[in-house]
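This briefing goes through one protein structure by topic. Look at the sequence and the 3D view first, then follow the points below.

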Amino acid sequence: METIRLDDFLSDGLIREKPFREKVDNMDWSKYENKRVILKGCASVPVPTWAYLIIMSKLILHASHILYGEPCAAVKIFSRN
């Protein structure tokens with residue numbers, strides 16, 4: 001299972017929209033092709049809803065399953081059937 005941590009998208013300790021979108025656009029999303037991916041639910045800062053939506057819009061094109069939370073209690077939010 002692959003993991004996406006929102007802390008990896010911080011800019012000066014916050015999630016700022018412009019740098020966040022640049023990081024998302026520069027990611028190689030193909031590495032998640034047909035894989036199970038978990039979005040880590042805990043971040044060191046509050047995460048705006050739009051950040052999850054932007055990541056989901058990219059991830060849904062590649063991942064076979066998307067989960068949210070911690071691996072021991074993850075919630076399925078997308079499954080490609």
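Arg21 is partly exposed, with 39% relative accessible area (buried means under 20% relative accessible area, exposed over 50%, and partly exposed in between, with a 1.4 Å probe and protein chains only). The side chain of Arg21 meets that of Glu17 in a salt bridge, at 2.9 Å from N to O (a side-chain nitrogen of Lys or Arg within 4 Å of a carboxyl oxygen of Asp or Glu).

This is a predicted model, in which local features need pLDDT of at least 70 and side-chain atom pairs count only at pLDDT 80 or more, while totals for chains, interfaces and linings use all residues. Residues are numbered from 1 along each chain as its sequence is written, and side-chain values use heavy atoms, with hydrogens and water left out.

**Salt bridges**

- The structure holds four salt bridges.
- Glu17 and Arg21 are both in helix α1 (residues 17-26), four residues apart, which is about one turn of the helix. Helices (H or I, at least four residues) and strands (E, at least two) are DSSP runs, numbered from the N terminus.
- Glu17 is partly exposed, at 41% relative accessible area.
- Asp25 and Lys58 form another salt bridge, with their closest N and O atoms 3.6 Å apart. Asp25 belongs to helix α1 and Lys58 to helix α2, so this pair ties together parts that are 33 residues apart in sequence.
- Asp25 is exposed, at 52% relative accessible area, and Lys58 is partly exposed, at 29%.
- Lys40 forms a salt bridge with Glu70, and here the closest N and O atoms are 2.8 Å apart. Because Lys40 is in strand β2 and Glu70 in the loop between β3 and β4, the pair ties together parts that are 30 residues apart in sequence.
- Lys40 counts as buried, at 16% relative accessibility, whereas Glu70 counts as partly exposed, at 30%.

**The sheet**

- Strands of a sheet pair through backbone hydrogen bonds, either parallel or antiparallel. Here, two strands count as paired if DSSP finds at least two bridges between them.
- Four strands make up an open sheet in the order β1-β2-β3-β4, and the pairing is mixed. Strands β1 (2-4) and β4 are at the edges with a single partner strand each, so one side of each has no neighbour in the sheet.
- From one strand to the next, the twist averages 25 degrees. Axes are lines fitted to C-alpha atoms, for helices over the stretch in contact, and angles run from 0 to 180 degrees between N-to-C directions.
- Strands β1 and β2 are parallel and pair over three bridges. Ile4 has Leu39 in β2 as its bridge partner.
- Strand β2 (residues 36-40) is also parallel to strand β3 (residues 65-69), and five bridges join the two.
- Strands β3 and β4 (residues 75-79) are antiparallel and pair over four bridges. The bridge partner of His65 is Ser79 in β4.
- Strands β3 and β4 form a hairpin, with five residues between them.

**The helix across the sheet**

- Helix α2 (residues 49-59) lies across β1, β2, β3 and β4, and runs at about 170 degrees to β2. Contact means heavy atoms within 4.5 Å.

**A nonpolar surface patch**

- Which residues form a nonpolar patch on the surface? They are Tyr68, Val75 and Ile77, and together they have about 250 Å² of accessible area.
- Patches are made of residues with over 30% relative accessible area and no salt bridge; like charges are joined within 9 Å, and nonpolar side chains (Val, Leu, Ile, Met, Phe, Trp, Tyr) within 5 Å. Accessible areas come from the Shrake-Rupley method with a 1.4 Å probe, and for residues only the protein chains shown count as cover.
- Val75 is part of strand β4 and counts as partly exposed, at 47% relative accessibility.

**Loop residues with positive phi**

- Asp12 is not a glycine, yet its phi is positive, near 55 degrees. Asp12 is in the loop between β1 and α1 and counts as exposed, at 69% relative accessibility.
- Asn34, also not a glycine, has a positive phi of about 55 degrees. Asn34 is in the loop between α1 and β2 and counts as exposed, at 58% relative accessibility.
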